[in-house]
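Biologist: I am new to this structure and would like to know what the descriptions of it rest on. Please show it to me, and then I will ask about the terms one by one.

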Amino acid sequence: MEDLRSISINEASKGWKTAAAHVKNLKNATQAIGHVKLENKIGTSAADLEDGDPLKTVTLATQRALQSFGGAGTVKSVTSDDLHRSVEFDAASAAAAPQAEETYSTHQPAFQCFEMCHDQFRDVREAFGISETRFYAVLGLQKKQVISSFSVIGSGEASGKSPSFFFLSPDQQYILKSCTPRDVKTLTRMLSSYRDHVKSCAISTDVKNAGGNAAVSPTNSSLLPRYLGLYKLTFQDHTPDVTLVVMTNFFAAAHEIHCKFDLKGSSYHREASEKERAKSTPVYKDLDWMREGRKIRFEKEDEVKHVRDRLEKDTLYLSSQKLIDYSLLVGIHEMKDGTTNVREHMDVVSARSPMGIQYFGLVDILTPFVAQKLLETICTGTLICRPGISCQPPKKYQERFITFVDEEVLACTGTGAGDS
């Protein structure tokens, strides 16, 4: 996988129109393409990658497999057992005759794709109000399509220390993130309890019809990442094997996001580096947030309480799973003259105030507190006397995170809001 991680991707947002054009004739796949603000679209079109680039091979293979899992593929059949479904593909040459059953713009090696824990993820998708038809229609390769319509973000363009790379669906609603073996182990271990947790947060039809709370997704009140599927691809040539988790994109917003913050409730080294600040869309951190006096502001106290309660319930769940190092990801649209009240068509979580629109959710929740993390806490936090380090035991991490949310993140600007 190291070959994939080291690939450099071109300037962000290049080529997304090309990707979208590949699916312009499919209603399910296109009804939301124009609903994400142009400035929020990210990634390089897979179609623009060089031939021979492993990511170009993987994106096309992934969409071929998802097409088959959705029931529209041309392979013999989808096989399944108690946990997984799988499909196998023979090699397909880009030089095949035009009348061949499967002809693509780039060579495809023989490969197999496993849809892991299919039944459990189907329940999760249902809890988030995502139909099976739309899920596979948006992510799968479309009829007569010969190249991937995904966009790609390499590890060099992503923020943070993770070597992961990312794919985005044509409508930018879904993100597919590469997983480490530890990520896969953690997610599959917790999947049953995660499913039960998000099902308990599903919003009833009556509440949806009533409009619900302005700061909550229209389908589910949980602020956890929306893990919708897990796919392992194994190739018969030199292409590295890869496992991808499908998530919704918190920033698939109808308003331009002007700045982004990654908040852990920690102070040690929690400010954006010079390298990060030099990026076209940097992600700032806790000390930057406090230095600028930022808040997620609401007009009513009950809205503040609702979001605070959701964050507490979600993070208590993470603590029960012995998980740490998660963040609250916040994207801010600054109100300017001419800002219109555009309807959000994607399933994003947002809050509106006179100062701006904030999009937010919890991310990076798959870090277990294992022996290595315990040693980091002892050496850096205790022996060197740095109590503000990010790494803490699960219960302490959760308590510090909620304290930070109470003191530095959530505020009310309405009547009776006090000095917030």
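Biologist: At what angle do helix 7 and helix 11 pack, and how far apart are their axes?

Modeller: This is a predicted model, and every value I give is computed from it. Helix 7 (residues 181-200) and helix 11 (residues 301-320) pack at about 165°, and their axes are 11 Å apart.

Biologist: What makes helix 7 roughly antiparallel to helix 11?

Modeller: The term is used for angles over 145 degrees. The angle here is about 165°, and therefore helix 7 counts as roughly antiparallel to helix 11. The crossing of helix 7 with helix 11 is right-handed.

Biologist: Which residues make the contact of helix 7 with helix 11?

Modeller: Helix 7 contributes Met190, Ser193, Tyr194, His197 and Ser200, and helix 11 contributes Lys313, Asp314 and Tyr317. By class, the residues of this contact are 3 nonpolar, 3 polar and 2 charged.

Biologist: What are the angle and the axis distance for helix 5 and helix 7?

Modeller: Helix 5 (residues 118-127) packs with helix 7 at an angle of about 30°, and the axes are 9 Å apart.

Biologist: Why is helix 5 called roughly parallel to helix 7?

Modeller: Roughly parallel is kept for angles under 35 degrees. The angle is about 30°, so helix 5 is roughly parallel to helix 7. Helix 5 passes helix 7 in a left-handed crossing.

Biologist: Which residues of helix 5 and helix 7 make that contact?

Modeller: From helix 5 they are Gln120, Phe121, Asp123, Val124 and Ala127. From helix 7 they are Leu187, Leu191, Ser192, Tyr194, Arg195, Val198 and Lys199. The residues of this contact divide into 7 nonpolar, 2 polar and 3 charged. Tyr194 is listed in the contact with helix 5 and also in the contact with helix 11.

Biologist: How do you know that helix 6 is largely enclosed by the rest of the structure?

Modeller: Helix 6 (residues 132-139) has 8 residues, of which 6 are buried, and so helix 6 is described as largely enclosed. The buried ones are Arg134, Phe135, Tyr136, Ala137, Val138 and Leu139.

Biologist: What makes Cys179 and Cys201 buried?

Modeller: Buried means under 20% relative accessible area. Cys179 has 5% and Cys201 has 2%, so both count as buried.

Biologist: How many disulfides does the structure hold?

Modeller: The structure holds 0 disulfides. A pair of cysteine sulfur atoms would have to lie within 2.5 Å to be counted.

Biologist: Is Lys144 buried or exposed?

Modeller: Lys144 is at 78% relative accessibility, and the cut-off for exposed is over 50%, so Lys144 counts as exposed. Lys144 is in the loop between helix 6 and strand 5.

Biologist: Which residues does Phe114 contact, leaving aside neighbours within four places in sequence?

Modeller: They are Phe69, Arg85, Ser86, Leu230, Tyr231, Lys232 and Thr234. Thr234 is 120 residues from Phe114 along the chain, yet their C-alpha atoms are separated by 8.6 Å.

Biologist: What share of the protein as a whole counts as buried?

Modeller: Of its 420 residues, 55% count as buried. The protein has 13 helices and 18 strands.

How values were computed:
Residues numbered from 1 in each chain as written. Predicted model: local features only at pLDDT ≥ 70, side-chain atom pairs only at ≥ 80, totals over all residues. Heavy atoms only, no water. Axes fitted to C-alpha atoms, helices over the stretch in contact; angles between N-to-C directions. Helix = DSSP H or I, 4+ residues; strand = E, 2+ residues; numbered from the N terminus. Parallel < 35°, antiparallel > 145°, perpendicular 65-115°, else oblique. Left-handed = near helix turned anticlockwise from the far one by under 90°. Contact = heavy atoms within 4.5 Å. Nonpolar A, V, L, I, M, F, W, Y, C, P; charged D, E, K, R; others polar. Buried < 20%, exposed > 50% of the residue type's maximum accessible area, 1.4 Å probe, protein only.
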